[in-house]
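Open your viewer and get ready to click along. We will hop from one selection to the next and see what is there.

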Amino acid sequence: MKNPFKELKKFELWLWITSAVVVCFSFAFSPDKDPMTLCASLIGVTALIFIAKGYVIGQAMCIGFSVLYGIISFRYSYYGEMITYLCMSTPIAVAAVISWIRHPYKDTPEVTVSRVTKKQMTFALVLTCAVTLAFYFILRALGTANLIISTVSVATSFLAAYLTFLRSPYYGLAYGANDIVLIVLWILAAIEDISYLPMIFCFVMFLANDIYGFLNWRQMRKRQEIL
């Protein structure tokens, strides 16, 4: 792809610009400006619009976002988020990049959307439960802030990342659930430190992008199966 932004539809371009503007405004009005938070948020909303289109560049950008977000989470003692993104989301994003590169839709930059079988979904849910249970005890031992919410975040994040690897449209719903959990987490953080306000708006826009991603991927799958 020469310039992926030229591939965006009008609505997608509007969604991306709106997401970036909202993030920048929240940063501008934050009394304690954290450049890393702004950078992570902008990379994140940009990555999601391309993931919603099924472009592998979006997954590649997610790797950068995961690293930055892990560092930000560490600074606020959200060890669940840190471990999830650095030790789980980042490796899965790398695997997803490889998977998407290997499964292009014909001669386009678009990934081939798959249908997850009942067996695959059952395995995903069982694995998610096992990972979540293990992380609960790890996070409790580390003294993670807001332990229960952080544990729920691990569950939704892992399931979403796994469905992304499987190239399923339902990744959007799982990430949407994770966005809601993270909005709550960062509201709690912002109550104590207003500099984390941009993270709240970041995940609000993440939620909008993930909902669009789910809807668009379903349309992509229908179109790919017809052609």
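**Salt bridges, then a pocket and a cavity**

Counting each side-chain nitrogen of Lys or Arg within 4 Å of a carboxyl oxygen of Asp or Glu as a salt bridge, this model has three salt bridges. The model is predicted, so local features need pLDDT of at least 70 and side-chain atom pairs count only at pLDDT 80 or more, while totals for chains, interfaces and linings use all residues. Residues are numbered from 1 along each chain as its sequence is written, and side-chain values use heavy atoms, with hydrogens and water left out.

Select Lys 53 and Glu 12: their closest N and O atoms are 3.0 Å apart in a salt bridge. Lys 53 sits in the loop between helix 2 and helix 3 and Glu 12 in helix 1, so this pair ties together parts 41 residues apart in sequence. (Helices are DSSP runs of H or I, at least four residues, numbered from the N terminus.) Are these two buried or exposed? Lys 53 counts as buried at 8% relative accessibility, and Glu 12 counts as buried at 0%. Here buried means under 20% relative accessible area, exposed over 50%, and partly exposed in between, with a 1.4 Å probe and protein chains only.

Next, select Glu 110 and Arg 223, a salt bridge with its closest N and O atoms 3.0 Å apart. Glu 110 is in the loop between helix 4 and helix 5 (118-141) and Arg 223 in helix 8, so the pair ties together parts 113 residues apart in sequence. Glu 110 is buried at 11%, whereas Arg 223 is partly exposed at 36%.

A pocket is an open set of points on a 1 Å grid over the protein atoms alone, with protein on both sides within 12 Å along at least five of seven lines; lining residues have an atom within 4 Å of a point, and a cavity is a set where a 1.4 Å probe fits but cannot get out. The pocket holds about 170 Å³ of space, and helix 8 (residues 197-226) gives the most to its lining, with four residues.

Now go to the largest cavity, with about 220 Å³ of space. Which residues are closest to its centre? Select Leu 48, Ile 51, Cys 62, Tyr 85 and Tyr 175, out of 21 lining residues. Helix 4 provides the largest share of that lining, five residues.

Note on methods:
Grid points are joined across faces, edges and corners, and a volume is the space filled by probe spheres set on the points. Helices (H or I, at least four residues) and strands (E, at least two) are DSSP runs, numbered from the N terminus.
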